[in-house]
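Trainee: I would like to go through this model with you, one question at a time. Could we begin once it is on the screen?

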2 protein chains.
Amino acid sequence: MQVSNAEWSQTEQEIAEEVFKRAYEREINALIQTVCEKANSIAQPDDMWSLHDFLSARRHDVDGKYEYAYSSLLFVFAKLLKEGWLNLDELNGLSKDKLAKIAALARM
Amino acid sequence: MQVSNAEWSQTEQEIAEEVFKRAYEREINALIQTVCEKANSIAQPDDMWSLHDFLSARRHDVDGKYEYAYSSLLFVFAKLLKEGWLNLDELNGLSKDKLAKIAALARM
């Protein structure tokens, strides 16, 4: 399955940018909420250092995941789909071939 | 001023351990409060990453500062005194020489 050199029409690019941005906002908002909950339940020093470890790991993950490049966008969307930060319907407007590839990758 | 090879009597060691522990608890409790306040005022992603940066820096600082070794304890107490995590009265019972050195180092 060739997924890294797909052509993206202008319309597809606009849809992709919008969906990408929306997934990022969803994930970040959920993360902010989790961070607040963890902070408010700190009872001892170790809880605070655990929060720090958690933030380090999540930052690394988020920084790596949300890189907007058309060469890897099908993989990114598949991952976001798998993790629940977007659903396939939001990608309507992309070619059937792209949608099929994203869905297939998300099942892997 | 010779500060690294002072002899510590049993009584001095007990006072030192108690004061050291108390200062640590004060600083950590203040830090926990600050972390909660920062977490609860997160309004955008950058605020969250700032909290992460803040925690990274504070952890590094705290880990480095609270190392209990008699060879460096006068320096540690001077730093804690300067930063307000203990006051000189709490160190009553240490030799006058030690107290004078701690006070002098704290003014540097």
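**Helix packing, symmetry and salt bridges**

Mentor: In chain B, the buried residues of helix 3 pack against helix 1 (10-40), helix 2 and helix 4 (96-107). Here contact means heavy atoms within 4.5 Å, and helices are DSSP runs (H or I, at least four residues) numbered from the N terminus. This is a predicted model, in which local features need pLDDT of at least 70 and side-chain atom pairs count only at pLDDT 80 or more, while totals for chains, interfaces and linings use all residues. Residues are numbered from 1 along each chain as its sequence is written, chains are lettered from A and ligands numbered from 1 in the order in which they are written, and side-chain values use heavy atoms, with hydrogens and water left out.

Trainee: Which residues are buried in helix 3 (residues 73-83) of chain B?

Mentor: Buried means under 20% relative accessible area, exposed over 50%, and partly exposed in between (1.4 Å probe, protein chains only). Helix 3 of chain B is followed by B:G84, whose phi is positive, near 90°. Within the helix itself, the buried residues are B:L73, B:L74, B:V76, B:F77, B:A78, B:L80 and B:L81.

Trainee: By what turn can chain A be laid on chain B?

Mentor: The copies are superposed by least squares on the C-alpha atoms of residues with pLDDT of at least 70 in both. Chain A then falls on chain B with an RMSD of 0.0 Å and a shift of 0.0 Å along the axis, by a turn of 180°. The two copies are thus related as by a two-fold rotation axis.

Trainee: Why can one say that the copies meet through the same surface?

Mentor: The contact takes 20 residues from chain A and 20 residues from chain B. The copies meet through the same surface because the interface residues of chain A are also interface residues in chain B, and the share for which this holds is 100%.

Trainee: How much area do chain A and chain B bury between them?

Mentor: Buried area is the accessible area (1.4 Å probe) that two parts lose on being put together, summed over both. Of the area buried here, 74% is on carbon and sulfur atoms, and the total is about 1900 Å².

Trainee: How many salt bridges does the rule find across the interface of chain A and chain B?

Mentor: A salt bridge is a side-chain nitrogen of Lys or Arg within 4 Å of a carboxyl oxygen of Asp or Glu. One such pair joins the side chains of A:R59 and B:D53 (2.8 Å, N to O). On the side of chain A that touches chain B, helix 1 and helix 2 of chain A each supply at least two residues, and helix 2 gives the most, with 10 residues. Across this interface the number of salt bridges found is 2.

Trainee: With which residue does A:E27 form a salt bridge?

Mentor: The pair links distant parts of the chain, 31 residues apart, with A:E27 in helix 1 (residues 10-40) and its partner in helix 2 (residues 45-65) of chain A. Both residues are buried, and their closest N and O atoms are 2.8 Å apart. The partner of A:E27 is A:R58.

Trainee: Is A:K101, which forms a salt bridge with A:D97, buried or exposed?

Mentor: The closest N and O atoms of this pair are 3.0 Å apart, and the two residues are separated by about one helical turn, because they are 4 residues apart in helix 4 (residues 96-107) of chain A. A:D97 is partly exposed, with a relative accessible area of 43%. A:K101, with a relative accessible area of 13%, is buried.
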